[in-house]
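Thanks for coming. I will go through one model today, starting with how the chains meet and then moving to side chains. Please have the viewer open.

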There are 2 protein chains.
Amino acid sequence: MSDFATALHSAAEKIEARLAAEIAALPDSQVRDAMAYAARGGKKLRGFLVMESARLHGIAPEISVQAAAAIEAIHAYSLVHDDLPAMDDDDLRRGQPTVHVKWDEATAILVGDALQSLAFGLLARDDAAPTPQGRLALIASMAQAAGGAGMVLGQALDIEAETATAPLSLDEITALQAGKTGALIEWSACAGARMAQADTAPLAAYARALGLAFQIADDILDVEGDAALAGKRLHKDACAGKATFVSLLGLDGAKARAQDLIVQAQAALKVYGDDAAQLRDAAQFVIARSN
Amino acid sequence: MSDFATALHSAAEKIEARLAAEIAALPDSQVRDAMAYAARGGKKLRGFLVMESARLHGIAPEISVQAAAAIEAIHAYSLVHDDLPAMDDDDLRRGQPTVHVKWDEATAILVGDALQSLAFGLLARDDAAPTPQGRLALIASMAQAAGGAGMVLGQALDIEAETATAPLSLDEITALQAGKTGALIEWSACAGARMAQADTAPLAAYARALGLAFQIADDILDVEGDAALAGKRLHKDACAGKATFVSLLGLDGAKARAQDLIVQAQAALKVYGDDAAQLRDAAQFVIARSN
């Protein structure tokens, strides 16, 4: 494995263990079992971004793993709710049956709800940041990134687009994705600076380019990918006639745009010098998924 | 109106205005409109408990209204998700069509999700408690009360009970309700002590008795109440053959038990003397709903 792949894998193991321990500490219930199931697997890329940005600010992994587990809990909750029949109606996620298929819809709703609570609980822990102010900055920004001004806003615009008379323009789809996937990625990349009460601007610029590249890569994967490798249904957007970056820019245009964004993301890291090598590699990794 | 009714009404107006302003500040979307709809109405009893317990600890209403709005956002989210077809499948709430009836299920799922984020955002605000430690104590305890060890646990046990072979015992139904309605009521009553970093024990004892009385009163209301006044469907539990405090204790037994609990709740407030008059009246109000 490359240095990056090794680092990502090692972080993912720490984050998954932290999240599993937090869920295992809850009282016994079917919802707890389903929470553990939903939190397993995945690349844990958002959590990795948290831990790398924390490392850039001199914060130890024993501290940053709390916030990394928190963002992965939020991400897992969003997938469980997104997969519900009333939303994207997906039966496969990370190569396994989705929560509402394996259990039922009520359980899936409660699993997502409880994972969101758990995320905020992790951020409020004494060891989630070096200072109380750092923890509160993480919590306030998470509420913003996950809620009706961030991720949920993106999902709301996505739903509204489905009943709109015209397909979305490039500007509209960019705004939608900035919420839907961009907000959590930006939160993750900025988390270390927030914990340290340092300037978040360079990491925010990095994350905005990265988040958009990530979504373009997802659209490319939806067209070109192998469902078995992706662990989820593909070709959904094209079948649904939805506007995507590929439908708007063409396949080659989308690939070129993603590559430009990666260059932009990496340039934003200049201020951190060699310390940001892993974050630079993470940017490359994001589009390599689809190449 | 009695002094208590006037105080409850005045607090409810402040809390509703605070919550409405917070939602109005979100970017425009259908989900934002539906959040505003879901947050309107109701007695705001939980928020009133927050503001009264804060007053007992010398904390001004301009401070405590943040936490009061936060618990009402959590309560509103739980109602929106509870009303979904996969959960209780209710079409009427507070005398109005439920969110999934007025909009759709996807919107209702997102409304609940965003209201939960908004609640934690309110608690992380600079003016949500006199100190950063007070705010973090509110957030950590809210994550506990709302999540898989509190409210969601109660709902999970409720779902499991529906497929159980035998109806629940009195102990089991008491445990279920301690989570389902008790956890948020306890959080509310203890909030003022948490903000002030004072002892929560007397208020926790008050809230545990109050929460149980509240649920017994709800079961009595389900049997005896007037649907038009209650603003929701009644007689659901009896029709579903579910065990309730009324089915287990009989109507007179349930009324006597609720009255005992109110005496117990009021006794727990002794330490606060005359300052706790409104909380004592709140306890009486909780069972008066069903008498």
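How many residues of chain A are in contact with residues of chain B? The count is 39 residues of chain A against 39 residues of chain B, where contact means heavy atoms within 4.5 Å.

Some conventions before I go on. This is a predicted model, so local features need pLDDT of at least 70 and side-chain atom pairs count only at pLDDT 80 or more, while totals for chains, interfaces and linings use all residues. Residues are numbered from 1 along each chain as its sequence is written, chains are lettered from A and ligands numbered from 1 in the order in which they are written, and side-chain values use heavy atoms, with hydrogens and water left out.

Next, the interface itself. Chain A and chain B bury about 3300 Å² between them, 75% of it on carbon and sulfur atoms. Buried area here is the accessible area (1.4 Å probe) that two parts lose on being put together, summed over both. Leu110(A), Ser117(A) and Leu136(A) supply 16% of what chain A buries against chain B, more than any other three residues.

What about polar terms? Between chain A and chain B there are eight residue pairs in polar contact, both residues at pLDDT 80 or more. A polar contact is a pair of N or O atoms within 3.5 Å; within protein, one must be able to donate a hydrogen and the other to accept it, and residues adjacent in sequence count only if both atoms are side-chain atoms. Salt bridges across this interface number zero, the rule being a side-chain nitrogen of Lys or Arg within 4 Å of a carboxyl oxygen of Asp or Glu.

Over all chains, however, the search finds 24 salt bridges. One of them pairs Glu224(A) with Lys255(A), with the closest N and O atoms 3.3 Å apart. Glu224(A) lies in helix 10 of chain A and Lys255(A) in helix 14 (residues 251-267), 31 residues apart. Helices are DSSP runs (H or I, at least four residues), numbered from the N terminus. Glu224(A) is partly exposed at 40% relative accessible area, and Lys255(A) is partly exposed at 27%. The cut-offs are under 20% for buried, over 50% for exposed and partly exposed in between (1.4 Å probe, protein chains only).

In chain B, Arg32(B) and Asp28(B) form a salt bridge at 3.2 Å between the closest N and O atoms, and Asp28(B) is exposed at 55%.

Back to helix 10 of chain A, which also holds Leu212(A). Buried or exposed, which is Leu212(A)? Leu212(A) is buried, at 15%. Beyond its neighbours within four places in sequence, Leu212(A) is in contact with Thr174(A), Phe245(A), Arg257(A) and Leu261(A).

Last, the cysteines. Cys190(A) is buried at 1% relative accessibility, and Cys190(B) is buried at 1% too. The structure holds zero disulfides over all chains, a disulfide being a pair of cysteine sulfur atoms within 2.5 Å.

Definitions and conventions: Helices (H or I, at least four residues) and strands (E, at least two) are DSSP runs, numbered from the N terminus.
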